[in-house]
Amino acid sequence: MTCDYLELAAPGIRGLLPYQPGKPVAELQRELGLTDVIKLASNENPLGPSPAVINSLADAIPELARYPDGSAYDLKASLSEFLGVPTNMLTIGNGSNELLELLARVFLRPGLESIVAQHSFVVYPLVTMVQGATLRVIPAKDYGQDLEATLAAISSKTRMVFIANPNNPTGTWLTAGELTEFLDRVPDHVLVVLDEAYCEYVDVADYPDGVTLLARYSNLIVTRTFSKAYGIAALRVGYCVCSPVIADLLNRVRQPFNVNAMSLVAAVAALGDQAHVRAAVCANLEGMILLTNACADLNLDYIPSAGNFLAIDMGQAAEPIYQALLHEGVIVRPVGVYEMPRHLRVTIGLPAENQRFIAALTRIMNAR
Ligand SMILES: *Cc1c(COP(=O)(O)O)cnc(C)c1O
């Protein structure tokens with residue numbers, strides 16, 4: 001006798017598609033027999049982590065038999081000082097991805113809705129649907145979030161609005177004026193999750209600091225990560241800043257030891273080396289100029305980006321160009337699942353990596 005296990009799955013799970021990560025370097029090496037491969041596909045920091053992080057990991061090794069500090073005392077103390085917020089507003093997660101999941105678990109359930117923008121980060125629909133809650137997608141305006149339409153979509157069933165600032169994969173951002181005008185009009189029963197995964201990279205006028213806004217909006221929740229500008233994506237650490245009441249709820253549902261000991265010490269060390277973050281930001285701005293100039297040379301449109309990546313419009317189906325780049329040993333990210341079938345998202349890399357991507361793309365476009 002067989003059983004239809006798909007039918008037995010919780011309602012929200014059946015319709016899910018698994019998250020598609022950027023192709024790992026080793027996978028492409030295996031598939032195509034290439035040795036010299038570069039990956040510009042997951043918005044990682046091309047400089048790697050701070051040397052202070054490497055040293056801190058060595059210190060943690062003798063303690064590997066012990067459970068980690070489930071309260072993340074040291075990391076919360078460092079973040080509290082760095083951000084100027086009390087520790088009872090902080091939650092540490094296994095990547096900010098876990099925090100998005102915990103927020104959904106606490107606040108979403110069947111009968112309630114979350115609102116996301118078209119082309120916004122796929123994890124928001126994922127965590128919504130796992131809860132069996134309803135997803136409302138607001139059509140994008142110039143690839144960015146249409147806040148007027150978002151407000152109009154809010155109902156008594158709406159419990160959460162996800163906003164990435166800047167957004168991945170588009171790189172679009174909201175100004176302080178746009179965001180506060182929106183927050184002023186959002187009813188209190190709607191939680192606004194402001195995902196600032198790329199905030200360290202932003203160098204545009206009038207960019208809002210979500211953490212500062214928390215004093216004015218008790219329904220605001222800010223998430224950030226050590227995976228991007230801090231360069232420790234492998235270690236999976238993110239944090240959430242929100243009202244103590246919400247932080248307390250997150251603390252109830254998280255695993256007791258949700259962040260491992262190596263990651264906790266590494267995050268403290270990473271936070272302590274702001275010079276390393278500044279170096280990454282500088283290199284990013286230079287790489288962004290190089291890449292946008294190359295797009296202009298190739299007559300390709302792109303979406304202006306405040307992050308460490310650029311969504312380039314290939315002017316045709318992007319998938320064959322993605323494949324051709326793979327054969328050149330260059331991994332970028334197709335964004336068809338984001339309803340952007342003509343775009344490729346390229347992470348800003350080291351200068352030599354950016355040059356290699358541009359040279360490969362130029363060869364491919366010229367051959368078409
Ligand atoms: C990369 C990314 C994250 C962070 O992921 P982690 O789980 O912290 O590694 C969150 N939001 C967006 C929009 C991202 O692009």
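In which sense do strand 5 and strand 6 (residues 191–195) pair, and over how many bridges? The two strands run in the parallel sense, and 5 bridges link them; within this pairing, Phe162 stands opposite Val193 in strand 6. Strands here, like helices, are DSSP runs numbered from the N terminus (H or I with at least four residues for helices, E with at least two for strands), and two strands count as paired if DSSP finds at least two bridges between them. The model is a predicted one, in which local features need pLDDT of at least 70 and side-chain atom pairs count only at pLDDT 80 or more, while totals for chains, interfaces and linings use all residues. Residues are numbered from 1 along each chain as its sequence is written, and side-chain values use heavy atoms, with hydrogens and water left out.

Strand 5 has a further partner in strand 3 (residues 113–117), again in the parallel sense, over 3 bridges. Here Ser114 stands opposite Met160 of strand 5. Strand 5 is mostly covered, with 7 of its 7 residues buried, where buried means under 20% relative accessible area, exposed means over 50%, and partly exposed lies in between (1.4 Å probe, protein chains only).

The loop that joins strand 5 (158–164) to helix 9 (176–185) holds Leu174. This residue has 7% relative accessibility and therefore counts as buried. Beyond residues up to four places away in sequence, Leu174 touches Gln145, Leu147, Ile163, Asn165, Leu179, Tyr207 and Pro208, contact being defined as heavy atoms within 4.5 Å. The C-alpha atom of Leu174 is also separated by 8.2 Å from that of Gly144, 30 residues apart along the chain.

All 5 of its 5 residues are buried, so strand 10 is largely enclosed by the rest of the structure. Both of its faces are covered, with Phe309, Ala311 and Asp313 buried on one side and Leu310 and Ile312 on the other. Strand 9 (residues 301–303) pairs with strand 10 in the antiparallel sense over 3 bridges, and the two form a hairpin with 5 residues between them. Strand 13 (residues 343–347) also pairs with strand 10 in the antiparallel sense, over 5 bridges. Asp313 takes part in both pairings, as the bridge partner of Asp301 and standing opposite His343 in strand 13.

The axes of helix 13 (residues 274–297) and helix 15 (residues 351–366) come within 10 Å and cross at roughly 10°; axes are lines fitted to C-alpha atoms, for helices over the stretch in contact, and angles run from 0 to 180 degrees between N-to-C directions. The two helices are therefore roughly parallel to each other (under 35 degrees; over 145 is roughly antiparallel, 65 to 115 roughly perpendicular and the rest oblique). Gly287, Leu290, Leu291 and Ala294 of helix 13 make the contact with Asn354, Gln355, Phe357 and Ile358 of helix 15.
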